Every structure is written in structure tokens, then in C-alpha cells.
Amino acid sequence: MSRRSGILEFAVLGLLRESPMHGYELRKRLNTSLGIFRAFSYGTLYPCLKTLVASGWLIEEPGSVPASPPAAGRGVAPASSLAGRRAKIVYRLTAEGKEHFEELLSHTGPDAWEDEHFAARFAFFGQTERDVRMRVLEGRRSRLEERLEKMRASLARTRERLDDYTLELQRHGMESVEREVRWLNELIESERSGRDQRRSSPESSSQEDTTGETGGLPRHRDNTRPDPSDDTK
């Protein structure tokens, strides 16, 4: 399984855990909610769905038949027109699929820190346990700090050989990485603060939801957050 197809399967399972959907709804959610999939097509999505069905993680169910427009001058559409319209297939997560997705959510290895996979993981942080979120965030920060050091070293070596525009592009890339590191620092601090507050409060600890609905996200001064799907390579 390629890394990119693995990310798509993870995202599909996560979206279907929220509710069953047909292919068009899934593609729309992937495009709007998870920006890293804006370039994905039906030709990529449907083979993924078939693979998940064959693995036993999804099942296909018939949806409702789309309504046909009435024929001109008549109140109902011809029977032949209705017969020719196919019901949309709805995809539903199985119990095995839910268990598999929860296993994927608990993964905190290096793949979870890379640009595209991190964006997909972050989109489902509301379903992820707090300790796992912390490990993913700290791993992502460590990966970006390593990248930043390499970028600085490269710029120091090549600064005099670069024209002004290439130099500005290099600086822009560094600023993007630095901005995400600051954002990650805020998220990590917010997670730690929330955890410490719950540990010090017996009442809240008895009601804690470990899947992270109570985590809280910091806002930047302009009330925006960096998009984790941005390519900061």
C-alpha cells in the first residue's frame, strides 16, 4: 500500500465513522473538510472504496433512487425513465472497520508526522485520545525543527549564490515552518494545561472524555490557525 493511498483509506474510514455516505458525499467531504484531497478524483476514490469493502471494513447498501423530473404535460415520469435510474450505493463502516480505524488512530510513528498524513490525523483529533494527540503533535514539532535546521544550514551555505527572488522564496519557506512550529507549541501547551487542570480537579477527572472533545484549541492573534495541509517542505 502506498503512503498516499493509505492516507486516503484512513480519511474515508474516519468520515464514515461519523455517518454512512455515498461516493459523491464522500468526495465532497474529502475536498472541503480535508484540503489535502482537493486533487483526488472519482477514479482514485472508488478503487479505494472497493478495497475497503473487500477487506471487510465497509459494506455497500442501496440508497434511495434519485427523483426523476415529471414528463412534459404529465404528472409522473414514465416507468421506463424510473427503471433506468439507479439507486446510489451508500457505504457504511462495519464493526471490523471501526476497530481498524481505532487502531490507525492510536498509531504515533514517523508516518503520522509527515505533511499529508499529519493533516489527515489532525482532522480526526476529536476522535483521538489525548495521549496519542500529544505524541503526534510532539513528533510533528520535532520533525519540523529538524527541517528548519536543515533549511537554515542550506541558506547559510548558498546565500551568496542566490538571486534576490530565490533568496526571498527560501526565507518564505522558513517562515512557514517557523509559523507552524509556533502553532504546534501553542497546541501542545494547551493540551498540557487541560490535562493538568483535569488532574487537579477530582470532579472533572471523573467526567473526562479521553477522545478529546474537551481539549481546546488556541487561536492566533488574527483569529486564524495555520492549515496543517499546507506544504511546508
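## A quick tour of the fold

Walk along the sequence and the protein chain follows the pattern α-β-α-α-β-α-β-α-α-α-α-α. Keep in mind that this is a predicted model. Counting things up, the protein chain has nine helices and three strands. Below, we start with the chain as a whole and then zoom in on one pair of helices.

**The chain as a whole**

- The protein chain has 233 residues, and 38% of them count as buried.
- Its accessible surface comes to about 13,800 Å². Carbon and sulfur atoms make up 49% of that surface.
- Now for who touches whom: take the contacts in the protein chain with a separation of 6 or more, and 69% of them come from residues 24 or more positions apart.

**How α6 and α7 sit together**

- Helix α6 covers residues 115-123, while helix α7 covers residues 130-158.
- The two helices pack at an angle of about 155 degrees, and their axes are 12 Å apart.
- Angles over 145 degrees count as roughly antiparallel, so α6 is roughly antiparallel to α7.
- The crossing of α6 past α7 is left-handed.

**Which residues make the contact?**

- On the α6 side, you'll find Asp115, Phe118, Arg121 and Phe122.
- On the α7 side, the contact uses Val132, Val136, Leu137, Arg140 and Arg147.
- Sorted by class, the contact of α6 with α7 has five nonpolar and four charged residues, with no polar ones.

Methods. Residues are numbered from 1 along each chain as its sequence is written. This is a predicted model: local features need pLDDT of at least 70, side-chain atom pairs count only at pLDDT 80 or more; totals for chains, interfaces and linings use all residues. Side-chain values use heavy atoms; hydrogens and water are left out. Axes are lines fitted to C-alpha atoms, for helices over the stretch in contact, and angles run from 0 to 180 degrees between N-to-C directions. Helices (H or I, at least four residues) and strands (E, at least two) are DSSP runs, numbered from the N terminus. Angles under 35 degrees count as roughly parallel, over 145 as roughly antiparallel, 65 to 115 as roughly perpendicular and the rest as oblique. A crossing is left-handed if the near helix is turned anticlockwise from the far one by less than a right angle, and right-handed if clockwise. Contact means heavy atoms within 4.5 Å. Ala, Val, Leu, Ile, Met, Phe, Trp, Tyr, Cys and Pro count as nonpolar, Asp, Glu, Lys and Arg as charged, and the others, Gly among them, as polar. Buried means under 20% relative accessible area, exposed over 50%, partly exposed in between (1.4 Å probe, protein chains only). Accessible areas come from the Shrake-Rupley method with a 1.4 Å probe; for residues, only the protein chains shown count as cover.
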